[in-house]
Amino acid sequence: MPLIATLAAAFGLALALGLLAVKLRLPALVGYLLAGVIIGPHTPGFVGDVHLAQQLAEVGVMLLMFGVGLHFSLADLLAVRRVALPGAVVQMGAATAMGAGLALWWGWGMAAALVFGLALSVASTVVLLRALESRELLHSGNGRIAVGWLVVEDLAMVLALVMLPVLAQREGGGWQAVAGSMLTTLLAVAGFVAVMLLAGRRLLPWLLWQVNRTGSRELFTLSTVAAAIGLAVGAASLFGVSVALGAFFAGLVLRESAFSERAAHESLPLRDAFAVLFFVAVGMLFDPSVLWEQPLQVLGTVGIILIGKSVAAAVLVLLLRYPLNTALTVAVSLAQIGEFSFILMGLALSLGLVPPAASSLVVAGAIVSIALNPLLFGLVEPLRRWALKRSGLARQWEQRDDPLAVLPDTTSSAHLSDQVVLVGHGDLGQAVLAALGDRPVVVIDRDRSVVEALRSQGRAAVLGDAVEAMTLIQAHIARAAWMVVGISDVRGVPPMLDLARQLNPHLRCAVLAHTAEEEGWLREAGVSHVLRSQSALAQALAGVVQRPDEKPGA
């Protein structure tokens with residue numbers, strides 16, 4: 001039973017070593033990679049089926065890229081475009097040049113050197129998001145810059161995955177063949193993108209709506225996963241593009257639908273499971289002998305990731321006239337590599353572009369950099385204080401205004417009593433807001449552009465996540481009469497409501513349930529009004545909320 005044995009060993013060891021890594025205050029990703037090393041062919045003991053593991057890893061790639069597409073926010077990118085776009089492009093170019101130069105010095109070919117440098121230039125989105133969340137920096141100005149920076153890197157890597165087969169063809173043919181292949185690839189990508197934007201944007205949301213009407217949670221989860229994997233395989237079969245690009249666009253198209261948050265939540269357990277298998281499969285490719293046979297190469301790789309990339313990013317942020325604290329935070333955020341580096345190296349290995357040692361060096365660099373990244377975050381503040389004490393130039397940098405600082409609380413006194421706190425301003429939230437008329441409302445939304453637009457219209461709005469106490473306090477939840485949840489994914493409502501009721505025990509809550517199952521656990525969580533009618537939701541909520549004589553908990 002090679003498949004079952006490989007799965008059992010992979011999940012079991014990943015759990016044990018991931019738990020150990022977390023206990024040691026390291027990212028669980030380090031444990032997953034080490035689990036792969038242990039069951040890989042380069043270490044004694046049980047050896048998993050590498051071929052099967054690589055196939056499972058391909059599914060992990062599809063679901064990882066699907067998640068990237070689901071969480072891709074053009075608004076977030078545009079908000080930080082002045083620093084993220086030029087910074088990411090120049091930093092990736094500098095890191096690629098450093099890695100390629102080092103590989104050429106080792107005697108590698110140009111194609112292998114370029115791929116190796118590119119693999120070192122991109123940071124891990126998974127590691128970054130978890131690091132920012134653990135330090136409550138995700139919604140800060142510095143956090144948004146770092147996330148926007150990585151969005152640009154992710155897009156660049158998507159293009160690199162598309163063009164890598166063309167580079168492989170260059171190794172076996174002339175420039176004319178490369179030009180023809182590149183043109184064919186670009187036309188295929190353009191055709192796929194056109195089909196997805198014209199047909200996919202209408203068809204996929206319609207299919208999800210039909211599945212949602214059945215009230216079956218299992219079918220909704222199945223439809224989400226089928227869309228991710230089906231479009232990935234279809235893109236590869238019909239258009240000749242990579243499965244990664246197909247899965248990315250599946251997530252990108254679904255993000256624009258009303259079911260994006262629910263699709264992200266329902267597919268999360270499966271995405272997490274296959275992501276673990278992906279990292280375990282990467283670890284199985286690692287040959288530990290590279291640590292003692294090529295120690296200087298390992299040190300050079302780690303040096304580029306931890307020092308070369310960080311210095312380049314910090315200098316670029318300072319040149320773009322951002323504060324010293326922003327430069328240090330972005331630099332530390334990028335001082336690691338992860339999933340995209342592994343995806344790129346896996347494709348390059350299958351195309352014969354890089355030697356096997358390249359994969360081992362990248363995995364070694366990833367393990368070391370991911371393990372040290374939490375420690376580097378802890379050095380940001382001491383390093384900033386040290387620089388301010390010893391450098392007048394650093395003090396000038398620190399005094400620069402941060403254009404992405406957290407928006408101040410501008411809620412007027414008219415909204416401080418008996419107001420409605422509306423969570424989310426998507427299609428559902430807009431309908432509710434319009435239906436409430438003149439009723440005092442404070443909107444909570446995670447999109448900065450939405451909050452700024454509402455405030456420009458004279459509406460009270462707070463930027464942040466409603467599961468955070470500070471966001472609810474800024475919305476004056478203690479004086480609110482109602483919380484109305486206007487988001488499509490209601491899985492976060494129970495913890496959100498628990499926190500809100502700690503601040504306001506008499507608060508009432510109204511929310512839409514998509515299925516009977518959701519309605520059941522929402523009522524158990526204490527939601528006073530659960531509605532099931534999508535078409536009449538706004539009017540029903542307005543009618544319920546506007547009744548001033550209703551008692552709490554009714």
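Guide: A quick definition before we start: helices are DSSP runs of H or I, at least four residues each, numbered from the N terminus. Also, this is a predicted model.

Visitor: Okay, which helix gives the most to the lining of the largest cavity?

Guide: Start with the elements that supply two or more lining residues: α1 (2-23), α3 (50-71) and α12 (260-284). The lining includes Leu-277, Val-280, Ala-281 and Met-284. That set of 4 residues is the top contribution, and the helix behind it is α12.

Visitor: What volume does that largest cavity have?

Guide: The search counts cavities of 30 Å³ or more, and the count comes to 1. The volume of the largest cavity is about 50 Å³.

Visitor: Switching to confidence, which helix has the lowest mean pLDDT?

Guide: For the chain, the mean pLDDT is 78, with 81% of residues at 70 or more. Among the elements, α6 (residues 110-121) has the highest mean, 91. At the other end, with a mean of 57 over residues 537-545, sits helix α25.

Visitor: And over residues 401-410, how many contacts are there beyond near neighbours in sequence?

Guide: The pLDDT is below 50 there, as it is over residues 549-554, which have 11 such contacts. For residues 401-410, the number of contacts in the model is 29.

Terms used. Residues are numbered from 1 along each chain as its sequence is written. This is a predicted model: local features need pLDDT of at least 70, side-chain atom pairs count only at pLDDT 80 or more; totals for chains, interfaces and linings use all residues. Side-chain values use heavy atoms; hydrogens and water are left out. pLDDT is the predictor's confidence in each residue, from 0 to 100. Contact means heavy atoms within 4.5 Å. On a 1 Å grid over the protein atoms alone, a cavity is a set of points where a 1.4 Å probe fits but cannot get out, and a pocket is an open set with protein on both sides within 12 Å along at least five of seven lines; lining residues have an atom within 4 Å of a point. Grid points are joined across faces, edges and corners, and a volume is the space filled by probe spheres set on the points.
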